[in-house]
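This report concerns charged side chains and model confidence in the structure shown below.

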Amino acid sequence: MSFREVNDDILKEFWEYRDQTEFAFMTKEDKKHMIYFDEITDKILNNIPKQNRKFVQQQLNKLDDNFSEYVGYWSEKYYRNGFCDGVQMMCGCFEE
């Protein structure tokens, strides 16, 4: 198994743990870079005809879910590869 591949493994468990602990606390700076999806959705829905709201709401929900999955996958892959690179560098120090 390659730890560089995004799988359900010990690195995935660590990523989820960090997401629930350290990443759950946002600083003022973090909040400045948030995507306020609910506010954007409300503004869009308030400016379209009522007969289209249900469809547009469904599409916006799909967009939010898809974007969250996209960001999660690439973030995990980025950090996972950084971790693997660091381990390889450390292992290289002990090779004879």
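In helix α2 (residues 28-32), K32 and E29 stand three residues apart, which means that about one helical turn separates them. The model in which this pair is found is predicted.

**Salt bridge**

The side chains of K32 and E29 form a salt bridge, with a distance of 3.0 Å from N to O. The count of salt bridges comes to one. The two partners fall into separate accessibility classes: K32 is exposed, because its relative accessible area of 63% is over 50%. E29, by contrast, has a relative accessibility of 41% and counts as partly exposed.

**Negative patch**

A patch of negative charge on the surface brings together D8, E13, E16 and D19. One of these residues, E16, belongs to helix α1.

The accessibility values of the residues discussed are collected here.

| Residue | Relative accessible area | Class |
|---|---|---|
| K32 | 63% | exposed |
| E29 | 41% | partly exposed |

**Confidence**

For the chain, the mean pLDDT is 83, and 91% of the residues reach 70 or more. Among the elements of the chain, the lowest mean pLDDT, 76, belongs to helix α1 (residues 10-20), and the highest, 95, to helix α3 (residues 37-45). Helix α1, with this lowest mean value, is also the helix that contains E16.

Conventions. Residues numbered from 1 in each chain as written. Predicted model: local features only at pLDDT ≥ 70, side-chain atom pairs only at ≥ 80, totals over all residues. Heavy atoms only, no water. pLDDT = per-residue confidence, 0-100. Helix = DSSP H or I, 4+ residues; strand = E, 2+ residues; numbered from the N terminus. Patch = residues over 30% accessible without salt bridge, like charges linked within 9 Å, V, L, I, M, F, W, Y side chains within 5 Å. Areas by Shrake-Rupley, 256 points an atom, 1.4 Å probe, with all protein chains shown as cover. Salt bridge = Lys/Arg side-chain N within 4 Å of Asp/Glu carboxyl O. Lys, Arg positive; Asp, Glu negative; His and termini not counted. Charge placed at Lys NZ, Arg CZ, Asp CG, Glu CD. Buried < 20%, exposed > 50% of the residue type's maximum accessible area, 1.4 Å probe, protein only.
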